[in-house]
Each structure stands twice: as structure tokens, then as C-alpha cells.
Amino acid sequence: MIRKKLIAGNWKMNKTATEAAPLAQEIVAAAGRNTDVDIVVCPPFTALETVGKIVDGSSIKLGAQNMHPEAGGAYTGEISAAMLRDLFATHVILGHSERRSYFGETDAFINKKVTASLKNQLKPILCVGETLAEREAGTTLKVVQTQVEVGLEGVSNDDITNVVIAYEPVWAIGTGKVATTEQAQEVHAFIRELLTKLYGEALAQKIRILYGGSMKPANAPELLAQKDIDGGLIGGAALESRSFLELINAAAAAK
Ligand code: PEP
């Protein structure tokens with residue numbers, strides 16, 4: 001398999017820096033030397049520095065959950081790519097459906113963030129996925145196609161393998177409803193085909209496409225065994241070391 005599996009934990013707006021420390025310590029103690037799977041933890045901004053110091057020297061990478069596309073200036077409350085790099089973040093989640101729905105982020109705005117992150121040597125985890133209404137209307141693939149195409153506008157062949165795509169059906173996030181393996185694999189294969197059209201077969205085969213949406217230790221092995229599912233973006237199950245570590249083990253077993 002040319003794509004190493006990747007398990008990324010999205011802690012969302014959970015854990016103060018004080019609460020984040022023991023979780024990060026437990027993950028480092030149990031998986032900090034794991035090189036079979038790429039592991040990324042994405043705490044809230046306020047815990048990045050604390051968690052960054054704990055994962056330093058281990059194989060666990062640090063990610064942020066968002067950033068602003070501009071390099072700096074009058075953007076009250078925002079965080080730039082350079083600020084994240086300064087804390088040794090290597091990844092950043094962009095276009096999460098919660099950002100799209102609660103904060104009105106558009107594909108064009110998310111695209112600016114994707115290109116800004118790459119310019120600053122941050123690997124974007126670009127989230128895409130349809131709502132329940134879009135799935136029921138039969139427009140899933142069309143919606144995902146636009147999100148991928150616009151999200152990646154201007155991303156060069158040189159940069160594309162630094163991008164991770166996360167397919168997260170909105171109706172499966174935090175709801176306990178998981179996409180069936182067939183539903184997930186269908187969309188992952190479609191995204192791979194789209195990437196092949198955009199970047200050619202060789203590069204498309206190297207790009208990781210994660211599944212996100214109520215991934216848990218119980219359903220992970222089946223999802224991770226799918227040909228085009230290269231890992232998971234994990235919300236709820238990333239907030240406890242035990243379930244997060246089980247997901248890492250499931251990814252290692254599926255490689
Ligand atoms: C997410 O927030 O990206 C996510 C997939 O959440 P959950 O695993 O809780 O559904």
C-alpha cells in the first residue's frame with residue numbers, strides 16, 4: 001500500500017490546556033513511537049502550545065482546527081498560518097462542516113486557506129461532505145465534486161501530496177450515524193477519480209482520503225479496510241485516549 005494510514009483527532013472546542021495535557025501524555029506514552037500509522041492531534045488553539053511540547057520528539061504530529069488565510073493584520077480573533085507554524089503545528093483542518101454551517105465558510109474562502117496553509121508548509125486536511133438533505137436529493141457526488149474542485153483551485157502538482165482530504169458526511173458527524181462502508185467507499189472512490197482527472201493517476205494514488213463521521217473502534221476496521229479509505233478524522237472518539245488508541249491500532253492492522 002503506497003498510502004500510510006492517517007488517524008487525526010479533532011478535539012473541537014473541548015479541553016482546556018490543563019485538561020489537554022494528560023490526554024496528550026497518554027497518547028504519546030502509548031503511541032509516540034508508532035511509525036506504522038501517521039497520527040495527528042488537533043487541540044483547540046489555546047492548548048496547541050501545551051500539547052506541542054508534549055508531542056515534541058514523538059511521532060505524534062500537531063494540528064490546528066482552523067486558520068485565517070491572510071498573513072496578518074486587522075482580523076480580530078483570528079490566527080494565521082505563521083502563528084501555527086511558530087508553535088510547530090504541521091497540519092490544519094480546513095473547511096470542517098461546523099465551520100461551513102455555523103460560520104458561513106464558503107468553498108472560495110476555504111480555498112484561500114488551503115493555498116495559504118501550503119505556502120506556509122502546513123498540511124491542510126480539507127473537509128468535504130454532503131448534508132442529509134443533499135444526500136436525500138441525490139446530489140452527494142455533485143456537492144462533493146464542487147467542494148473538492150473549488151477547495152483545491154490553484155494547488156499545484158508539487159503541493160497536492162501535502163493535502164489530505166477528509167470525506168465527512170455531515171449527517172454522520174457527532175450523530176452516532178455512520179455511513180455504511182459502501183456509502184463511504186463510493187464517495188472516496190469518486191474523490192480519487194476526481195483527483196486523477198485533476199492531477200493524474202500517480203499523484204492521485206498518493207493522496208490520503210480520510211473518512212470522518214462517528215468513526216469508533218467498533219466500526220473502524222470495516223471502514224479502514226476499504227480500498228480508498230486511508231484513515232480517519234475522529235471527533236468524539238478522539239477525546240479519550242483509550243478509544244483513540246484503539247482506532248490507531250485498527251489503522252495499523254488495516255494497513
Ligand atoms: C469530526 O468532527 O470531524 C467528526 C468526525 O466528529 P465525530 O467523530 O464525533 O462524528
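Predicted model: local features only at pLDDT ≥ 70, side-chain atom pairs only at ≥ 80, totals over all residues.
User: Start with the strands. In what order do the eight close into a barrel?

Analyst: The order is S1-S2-S3-S4-S5-S6-S7-S8, and the pairing is parallel. From one strand to the next, the twist averages 25°.

User: How many bridges join S5 to S6?

Analyst: Four. S5 covers residues 123-128 and runs parallel to S6.

User: Which residue in S6 stands opposite isoleucine 125?

Analyst: Valine 164.

User: Which strands does H7 touch?

Analyst: H7 packs on the sheet and touches S5 and S6. The direction of H7 makes about 155° with that of S5.

User: And H7 against H5. What's the crossing angle there?

Analyst: Roughly 40°, with the axes coming within 8 Å. H5 here is residues 107-119.

User: Right-handed or left-handed?

Analyst: H5 passes H7 in a right-handed crossing.

User: Which residues make the contact?

Analyst: From H5, they are Asp107, Ala108, Asn111 and Val114. From H7, they are Thr146, Gln147, Val150 and Gly151.

User: How many are nonpolar, polar and charged?

Analyst: The contact of H5 with H7 has three nonpolar, four polar and one charged residues.

User: Switching to H1 and H11. Where do they sit in the chain, and what's the geometry?

Analyst: H1 spans residues 17-31 and H11 spans residues 241-254. Their axes come within 10 Å and cross at roughly 35°. H1 passes H11 in a right-handed crossing.

User: Which side chains are we talking about? I mean, which residues meet?

Analyst: H1 brings Leu23, Glu26, Ile27, Ala30 and Ala31. They meet Ser241, Phe244, Leu245 and Ile248 in H11.

User: How does that contact split by class?

Analyst: For H1 with H11, there are seven nonpolar residues, one polar and one charged.

User: Last topic, serine 156. Where does that lie?

Analyst: Serine 156 is in the loop between helix H7 (140-151) and strand S6 (164-167).

User: How far is serine 156 from leucine 118?

Analyst: Their C-alpha atoms are separated by 10.0 Å. Along the chain, the two are 38 residues apart.

Technical notes. Residues numbered from 1 in each chain as written. Heavy atoms only, no water. Helix = DSSP H or I, 4+ residues; strand = E, 2+ residues; numbered from the N terminus. Axes fitted to C-alpha atoms, helices over the stretch in contact; angles between N-to-C directions. Left-handed = near helix turned anticlockwise from the far one by under 90°. Contact = heavy atoms within 4.5 Å. Nonpolar A, V, L, I, M, F, W, Y, C, P; charged D, E, K, R; others polar. Pairing = 2+ DSSP bridges.
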